[in-house]
Amino acid sequence: MPGLTIGDTIPNLEVESTNGKINLHHFCTDSWTILFSHPGDFTPVCTTELGQMAKYSSEFYQRGVKLLGLSCDDLKSHKEWIKDIEAYTPGAKVNYPIISDPNREIIKQLNMVDPDEKDSTGNLPSRALHIVGPDKKIKLSFLYPTTTGRNMDEVRRVVESLQKASKFKVATPANWKPGEKVVISPDVTNEQAKEMFPQGFEIKDLPSKKEYLRFVKV
């Protein structure tokens, strides 16, 4: 299994999806993309997850983020499954594409395989989620076992964190929530920070007297 991880460029694959053929590099160019995999159609946790992804889709689109699902069944199965997903999550429309991967070849190239969970045909896909930047590089990955569903509030939170970090020289502290203050990167001097953040910033008074913990609202 390839070691596709943070900092790696996603492979340039041609895939079939519920919205037609997709070239991954073309799809991800100049946009943020959430690429997420599922073990299979008509499975309980996956049905809840795709419904929630559809429910949150407008919030992701407002942030300039595309959604791209993947499940290891064929397109006919995907299209029937979407009816269940939308019925379970009223008001949610699965308008994002879902890649077809019945032979489990694409998930291997995307490093989305569960090393422990298997069925009669081999290892199952994990609940993997890659957040891909406009440069087609993976910026963040979640890798859950098949037994654990994802939290969409956390996905939204880290998207905002990544976007702020890419726009400003900042990072988000522990338990940060959108709208809260962020910290200024250590490689920014106080003089530079005054120019970059004219609205002002707060320097925490610490026992070391080192002025490295600086909070700002951006």
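The following questions and answers concern a predicted model of a protein.

Residues are numbered from 1 along each chain as its sequence is written. Local features need pLDDT of at least 70 and side-chain atom pairs count only at pLDDT 80 or more, while totals for chains, interfaces and linings use all residues, and side-chain values use heavy atoms, with hydrogens and water left out.

Visitor: How many helices and strands are there in the protein?
Guide: Helices (H or I, at least four residues) and strands (E, at least two) are DSSP runs, numbered from the N terminus. The protein has six helices and 13 strands.

Visitor: Where is Asp-30, and is Asp-30 buried or exposed?
Guide: Asp-30 is not a glycine, but has a positive phi of about 60°. Most residues other than glycine have a negative phi. Asp-30 sits in the loop between helix H1 (24-28) and strand S3 (32-38). Buried means under 20% relative accessible area, exposed over 50%, partly exposed in between (1.4 Å probe, protein chains only); because its relative accessible area is 68%, Asp-30 is exposed.

Visitor: Which loop holds Lys-136?
Guide: Lys-136 also has a positive phi, about 70°, although it is not a glycine. Its place is the loop between strand S8 (127-132) and strand S9 (138-144).

Visitor: What share of the residues in the protein is buried?
Guide: The protein has 218 residues. Of these, the buried share is 45%.

Visitor: What part of the contacts with a separation of 6 or more joins residues 24 or more positions apart?
Guide: Contact means heavy atoms within 4.5 Å. For the protein, that part is 61%.
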